[in-house]
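Let's take a walk through this protein, one spot at a time. Keep the 3D view open while you read.

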Amino acid sequence: MSVIQKIRDKYAVVIVVVICLAIVSFLLQDAFFGKSSLARRSTTVGKVNGQELDVADYQRRIQDAEAGARQQMPNGNIDEQTRQYIREQVWNQFLNEQIMQAQYKKLGIAVTEAEIVDQIKGKNPNPIVVQQFTRDGQFDRAALQQTIAQAGQNPQIRQALEQLETYIAKSQEQVKYITLIKQGVYYPKWMATQQQADNSKTATISYVSVPYASIADSTIKVTDDELNRFIQDHKQLFKVEESRKVEYVSFDAVPSAQDSTAAIHQILALKAELDTTHDIAGFINRNSDIKYYDGYVSKNAAQVPQKDSIVNLPVGAVYGPYYDNNLIVFAKMVDRKSMPDSVKVRHILIASGGPQGGLPDSVAKKRADSIAVAVKGGADFKALVAQFSDDPGSKQTGGEYDITPSTPFVPEFKDFAFEGTKGQIKVVKTQFGYHVMEIMDQKNIGPAIKVAYLGKSVEASKETNNTAYNAAGDFASKSRNGAAFEKNIQEGKLNKKIADNVRPMDFVVPGIGQARELVRWVNDAKKGDVSPVFTLDEKYVVALLTSIRQEGTAPLEDVRPQVEAEVKKHKKATQIMAKLQTPANLDAAAKSSNQPILKAEGVSFASPFIASLGFEPRIAGASFNKDWGTAKVSTPIEGNAAVYVIKADSYEPVAQPAQSLTAQQAAYEQGVKSLLDQQLFEVLKKMSTVKDNRGKFF
């Protein structure tokens, strides 16, 4: 007991301190690494004016948009380019919501429930409602009322109506806002009067110009301070987005001679069956990298390598093998016949059964037959189209279509169009129903061919891919920094390429293609970092990050040539103007500069372009300076290409049709209003604080 008591007495304070430290450490660990961690990764993909967009919400919006896009695609698939477009569209939609809602709130703009009801049920429904409930070119109010009545029992209809109400509310807010803004557009009468006076005459001037090119660039010295000052004084000219610049080396897995030989052996093994098969379509679709096209192509319109040899083949004959880019191909002539290369037809579709809906098949057939009899008897085809056709795509054109052999129409429709005769009328059955068709015209009847192509891609083998990958890996392992990267390129005599302006949300890099993984690395890397090997399509890429450009004003190193040229030009202008001083007349200016006196005619205050000088807005304006008139010579003027001293010789009236001030005011105001429709949101966006963090998540 005495030992225990000694420990208590001697180490009590130490034990208390250790326990306190343990508790603090536990709390800190929970704060920084637990569920409520202070240092946990943010889930905000972006922010506008303080309003955040969470990654889960962003992904949900993207998924909804992609689902809608798939419904519009024939095969239900969307490619990477479409996905990238959808991501940008969803992001811009979020920006629009936040920026515009703030504007609506500031101005007190609101849409009441009574307004929405009126937009749906009122005398003048919203255009989207009219579009949704238009039948045979007429707004069907009964169908609208029936749909509203069904909403109580049908959840899907109720949801669709709620979405419609939301859309109308948003569109009405926008209409009110843009109307208020446009009502503020005003072009004063005094300004219209002044503009007419300014544009009522042209000037003939005499001038002396001292070109900037008369002073050698090498004699003008500039400092970085001067260049940076110019950038700061002209920030609007040098605004840039966040981006990166990379240099990269690509090791392409190009098929070798052995790979080509393997592909040739593979296609030669199929040649015998190609010669003898009776199911050419099935054989091609099973074995070829070029799918079978069961249609005819005009002999003149055929566009294939070795065209002359292929189009003249007898039916059943085979030509090849030959190369078509990365394919090795055999071509077999399946059939040939005479047919037009284009046809104009018109039709009336009576939809029947199936997923498209429509009449029962027997009823649709009887109606189509009756319409065909009426057409043959001289009935007005266009009137019948308007009354009976179930094809909305051709109602406005009287049922007419211009088609070629390659136009994507159902086979039965095309077969009659190309195999029938001009003026023939027939009822044709397709998957959509019964078509009452008339051939209106057939052009350029001539030979057409149907060819089957057995093609095999020449692809890089596993060994070829491994060779390219190993070369890339060896290069990457030796290139630990920018200097080594450049050295290894020189020693290996490799081709270095540059990708400038790589933005955080890019999915495609120019020169490389789809390269999102590379862009992700670029977003997280530091200047001078060398990447690992990226596998991109049929190439292996190693990159060096050479520049990081933050959003805002471009750094001097990125715009040095442009800025140097402008600063040197201004310094030259200062030298020239100091030499000219204030000349008493043009002769004095010509003598001091050793330049001739020249003339320019037709100078207009309304145009910055002068025929003999180019784009010189300061000279155009100075030509009409009332303080100088035709009596005085100007002071030296710093122009775009030279320093000028000018004198107005005379003014001539411009023959132009008289325009009322009211019409001129209206035209100007309408132009500004049209510009608002296109650019108002972009202006509001620039005025907002937008932070885009999506590159860290995707």
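Start with Arg60 and Asp57, whose side chains meet in a salt bridge, 2.5 Å from N to O. The term salt bridge is used here for a side-chain nitrogen of Lys or Arg within 4 Å of a carboxyl oxygen of Asp or Glu. Side chains of opposite charge can pair when their charged atoms come close. Both residues, Arg60 and Asp57, sit in helix α2 (residues 55-72), three residues apart, which is about one turn of the helix. Helices (H or I, at least four residues) and strands (E, at least two) are DSSP runs, numbered from the N terminus.

Before going on, note that this is a predicted model, where local features need pLDDT of at least 70 and side-chain atom pairs count only at pLDDT 80 or more, while totals for chains, interfaces and linings use all residues. Residues are numbered from 1 along each chain as its sequence is written, and side-chain values use heavy atoms, with hydrogens and water left out.

Buried means under 20% relative accessible area, exposed means over 50%, and partly exposed is in between (1.4 Å probe, protein chains only).

By the salt-bridge rule, the count comes to 35. One of them pairs the side chains of Asp369 and Lys365, at 2.7 Å from N to O. You'll find Asp369 and Lys365 in helix α13, four residues apart, about one turn of the helix. Asp369 is partly exposed at 29% relative accessibility, and Lys365 is partly exposed at 32%.

Now look at helix α19 (residues 556-580), which holds both Glu564 and Arg560, four residues apart, again about one turn of the helix. Their side chains meet in a salt bridge of 3.7 Å, N to O. Glu564 has a relative accessible area of 24%, so it counts as partly exposed; Arg560, at 29%, is partly exposed as well. Salt bridges can also link up: through shared partners, they join Asp57, Arg60, Arg61, Asp64 and Glu97 into one network.

## Two helices side by side

Two packed helices are described by the angle between their axes and the distance between the axes. Helix α13 (residues 361-376) packs with helix α14 (residues 381-388) at an angle of about 160 degrees, and their axes are 10 Å apart. That angle is why α13 counts as roughly antiparallel to α14 (angles over 145 degrees are roughly antiparallel, under 35 roughly parallel, 65 to 115 roughly perpendicular, and the rest oblique). Axes here are lines fitted to C-alpha atoms, for helices over the stretch in contact, and angles run from 0 to 180 degrees between N-to-C directions.

Which residues make the contact? On α13 they are Arg367, Ile371 and Val375, and on α14 they are Phe381, Leu384 and Phe388. Contact means heavy atoms within 4.5 Å.

Gln84 has its place in helix α3 (residues 80-107). With a relative accessible area of 18%, Gln84 is buried. Not counting residues up to four places away in sequence, Gln84 touches Met505, Asp506, Phe507 and Val508.

Lys599 belongs to strand β22 (residues 598-604) and, at 53% relative accessibility, counts as exposed. Leaving aside neighbours within four places in sequence, Lys599 is in contact with Ile205, Ser206, Tyr207, Ser612 and Asp649.
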